[in-house]
Amino acid sequence: MKTRIFSVLCQNVPGVMMRMSRYFTRRQINIDSITVGIEPTGLARIILMFKADDSLAELMCRIVERSEPVVDVEVIEPERSIVREIALLKTKKLGEKKMWQIAQQIEKAGGRVLETKGGVLIAELSGEHDEIERVIKELGEEVLKEVARSGQVLISREEICED
Amino acid sequence: MVELTGSKALLEALKAEDVKHIFGIPGGAAIPIYDALYDEHEIHHILTRHEQGAAHAADGYARALGKPGVCMTTSGPGATNLTTGILNAYMDSSPVVAISGQVPTTTLGTDAFQEADMLSVMLPVTKHNFIIHKIEELPSVVRLAFKTAITGRPGPVHIDLPKNVQVNKADLKIPATIKYEKKIKLDPSTEDVRKAVHMLADAEQPVIYAGGGIVWSEASAELVELAELLEAPVTTSLLGKGTIPENHPLALGMLGMHGRMVANLAVTGCDVLLGVGVRFSDRATGDVRHFAQRAKIIHIDIDPVEIGKSVRVDLPIIGDAKRSLAAIIQGLRAHVKRGRTSRWLQRIKKLHEELAPRMDYDEVPIKPQRAIKDIMGVLGDDAIVVTEVGQCQMWAGHFCQIKKPRHFISSGGLGTMGFGFPAAMGVKVACPNCEVVNIAGDGSFLMNSQELATVVENKIDVVSCIFNNGYLGMVKQWQDMFFQKRRSAVNLGKSPDFVKLAEAYGAWGDRVTRPSEIAPKLKEALRCGKPAVLDIVIDPDEHVLPMVPAGGRLDAPILT
């Protein structure tokens with residue numbers, strides 16, 4: 001099934017995320033990613049990603065649009081937007097040689113080492129979801145102790161394309 | 001700006017909404033509001049005996065009057081007791097504004113006495129809900145709640161009001177109006193109307209399927225005008241009963257599982273089906289693969305989420321029912337050819353005559369069909385029929401001829417047993433000059449019979465006709481038909497004596513065992529000057545027939 005992205009502009013009121021996630025739970029859809037940020041106007045922008053076929057995605061759009069705190073729903077085509085995710089990685093205690101090897105691996109993938117103390121390395125990695133998945137998988141459970149991920153944020157390129 | 005407590009500001013905002021009645025029960029976290037009510041003369045509070053009763057009463061009030069009904073409770077159990085009634089209002093698109101007290105904001109989340117997380121509890125059962133954290137928000141939130149409840153597709157709204165907000169004071173101004181930010185599409189697009197006009201003008205076997213949306217948009221006149229212009233028969237949903245007078249030559253009666261056979265066959269055989277303000281409930285459509293399978297379906301609704309939710313739609317029209325029908329009528333006048341549907345109408349007329357349900361039974365125990373016939377014979381066209389849920393409701397839906405919108409009030413979507421009696425109470429408060437009759441089953445009536453105290457104390461003279469068969473009849477019917485007559489947990493026995501129960505509360509009560517007694521006793525009940533209970537002992541083996549089994553085809557009902 002195709003990945004769908006909704007960019008939902010809504011009032012920043014208590015329970016708005018709960019409201020949003022409930023619509024998807026009720027239709028037996030698992031939300032792959034949900035992030036929220038506050039716009040300069042004070043409205044909240046929720047970015048939702050989920051998988052659904054065309055008719056269900058269309059229905060979900062109408063359901064979200066109907067929600068009282070929702071001001072606008074933009075259905076975003078993944079190809080016409082820039083999607084990024086940030087992951088913070090913490091390794092297990094490593095030997096010095098292994099640590100440098102891991103650091104190189106992370107930097108090669110476009111990441112940045114933030115701290116190396118007591119044989120533990122902390123790094124940040126940003127990029128497309130699949131790329132982050134690949135790096136995490138490569139490092140594996142043997143190396144990684146903890147991973148914190150932001151969920152996916154994106155911005156549409158629509159207007160750039162039109163201009 | 002004047003300095004007001006939150007409670008006083010709440011009442012001022014309610015008065016700005018022209019609220020005359022509140023159904024409710026006080027409690028610890030609502031005492032400041034009730035203290036303010038003590039000095040209030042413009043708003044009449046009716047003390048129910050259970051919060052569910054308050055919610056259903058507000059719902060009945062709203063449906064009868066066409067404007068929001070209000071219920072009020074304390075926090076915790078008072079508020080959670082509202083939920084069934086509020087969900088009932090949500091499923092049937094009824095504008096109820098529910099207000100409950102809450103523990104002070106300073107103790108929210110601490111499992112304080114009678115604390116319930118009502119924002120979360122009410123979220124899936126309301127059109128929208130609020131918690132007011134700051135007194136400054138109160139006036140605009142209350143006004144927005146009413147606007148939300150009644151705008152577009154109506155629905156219930158809940159306001160959670162913490163106790164410290166009720167007692168705090170602030171310089172407040174009740175806004176004269178409030179802007180509703182949500183965009184509602186009222187006017188259908190011209191292109192959609194043009195397409196609909198062509199589809200309808202070409203139809204030789206059209207059917208119109210009318211629902212509760214017609215009631216709320218006050219489009220009955222347009223519905224009848226369109227039906228007559230098109231020469232198209234009209235069937236309705238349960239909540240659409242009365243949108244076309246059911247004695248009109250083009251009226252087919254209710255559609256669905258327990259609908260009229262002629263309606264079910266007409267929908268199955270039609271070439272264009274125009275659904276207006278309906279949600280194509282599974283109880284109305286049966287098997288959707290065979291529902292109106294020859295027809296092109298046009299669906300008019302104000303709520304875009306309803307389009308294509310259950311059945312395939314060839315032409316969706318988003319818009320207000322009244323405006324959409326008016327636009328279609330205007331377009332059709334130039335296109336429609338008179339007599340185009342005459343063969344179809346002849347066929348329908350023949351079916352109508354052949355399939356006319358029999359009601360003139362003289363047997364003892366009384367047949368429910370006969371009871372409905374005699375009840376309707378006594379009631380005038382202005383009487384409002386309210387129903388409980390189950391067999392009694394389906395007999396009423398099938399047999400009662402309702403001639404006006406808002407004159408048949410029933411729990412459709414949720415099928416809430418215990419709805420009818422408190423709802424009838426709300427209806428009578430809204431329309432004190434109308435006869436209000438609750439067609440009840442013995443099982444349903446007992447689920448909120450405590451409201452007998454409320455109607456007696458407040459002199460709300462409703463008549464409950466209890467179709468007493470000693471069973472949870474609809475479950476028994478399913479067990480008889482689909483579970484080899486294994487009647488599990490459906491026998492209610494002979495308790496209570498409903499006449500004595502009524503009398504114990506100070507109401508009028510009497511029992512009817514013979515058909516000839518129904519009309520005279522009902523007349524007596526309507527004139528006794530008290531709330532009344534008529535215990536009609538009916539045949540316990542009677543089923544609601546015909547019946548389309550759940551998920552079955554509308555044209556293949558069980559007949560016996």
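Trainee: Which residues does B:T416 touch, leaving out those up to four places away in sequence?
Mentor: B:T416 touches B:T84, B:N88, B:V389 and B:S411. Keep in mind that this is a predicted model.

Trainee: Okay, and where is B:T416 placed in chain B?
Mentor: B:T416 sits in the loop between β16 (408-409) and α18 (420-430) of chain B.

Trainee: So is B:T416 buried or exposed?
Mentor: B:T416 counts as buried because it has 27 C-beta neighbours inside 10 Å. The cut-off for buried is 20 or more.

Trainee: How far apart are B:T416 and B:G277?
Mentor: In space they are 22 Å apart, C-alpha to C-alpha.

Trainee: Let me try another loop. Where does B:G339 lie?
Mentor: B:G339 is in the loop between α14 (321-333) and α15 (342-354) of chain B.

Trainee: And is B:G339 buried or exposed?
Mentor: B:G339 is exposed, because 8 other C-beta atoms are within 10 Å of it. A residue counts as exposed at 12 or fewer.

Trainee: What separates B:G339 from B:L265?
Mentor: Their C-alpha atoms are separated by 21 Å, and the two residues are 74 apart along the chain.

Trainee: Switching to sheets. What is the strand order in the open sheet of 6 strands in chain B?
Mentor: The order is β11-β10-β9-β12-β13-β14, and the pairing is parallel.

Trainee: Which strands stand at the edges?
Mentor: Those are β11 (251-254) and β14 (315-318) of chain B. Each has a single partner strand, so one side of each has no neighbour in the sheet.

Trainee: How much are neighbouring strands turned against each other?
Mentor: On average by 15°, with direction ignored.

Trainee: Can we zoom in on one pair? How many bridges join β9 and β10 of chain B?
Mentor: Strand β9 (residues 206-210) and strand β10 (residues 234-236) of chain B pair over 3 bridges, in the parallel sense. As one example, B:Y209 has B:T235 in β10(B) as its bridge partner.

Trainee: What does helix α11 of chain B touch on that sheet?
Mentor: Helix α11 (residues 220-230) packs on the sheet and touches β9, β10 and β12 (272-276) of chain B. The direction of α11 makes about 170° with that of β9(B).

Trainee: Now the domains. Which ones does chain B have?
Mentor: The assignment gives domain 1 (2-172), domain 2 (190-354) and domain 3 (368-537).

Trainee: How far apart are the centres of domain 1 and domain 3 of chain B?
Mentor: Their C-alpha centres lie 29 Å apart. The contact takes 25 residues from domain 1 and 26 residues from domain 3 of chain B.

Trainee: Which element gives the most to the domain 1 side of that contact?
Mentor: That is α3(B), with 11 residues. By class, the side of domain 1 of chain B that touches domain 3 divides into 10 nonpolar, 11 polar and 4 charged residues.

Trainee: What about chain A? How many helices and strands does it have?
Mentor: Chain A comes to 5 helices and 8 strands. Along the sequence they follow the pattern β-α-β-β-α-β-β-α-β-β-α-β-α. Buried residues make up 21% of the 163 residues in chain A.

Trainee: And how is chain A divided into domains?
Mentor: Into domain 1 (3-76) and domain 2 (82-156). The contact takes 9 residues from domain 1 and 6 residues from domain 2 of chain A.

Trainee: Which strand gives the largest share of the domain 1 side there?
Mentor: It's β2(A), with 3 residues. That side of domain 1 of chain A has 5 nonpolar, 3 polar and 1 charged residues.

Methods
Residues numbered from 1 in each chain as written. Chains lettered and ligands numbered in written order. Predicted model: local features only at pLDDT ≥ 70, side-chain atom pairs only at ≥ 80, totals over all residues. Domains from an automatic or database assignment. Contact = placed C-beta atoms within 7 Å. Helix = DSSP H or I, 4+ residues; strand = E, 2+ residues; numbered from the N terminus. Nonpolar A, V, L, I, M, F, W, Y, C, P; charged D, E, K, R; others polar. Pairing = 2+ DSSP bridges. Axes fitted to C-alpha atoms, helices over the stretch in contact; angles between N-to-C directions.
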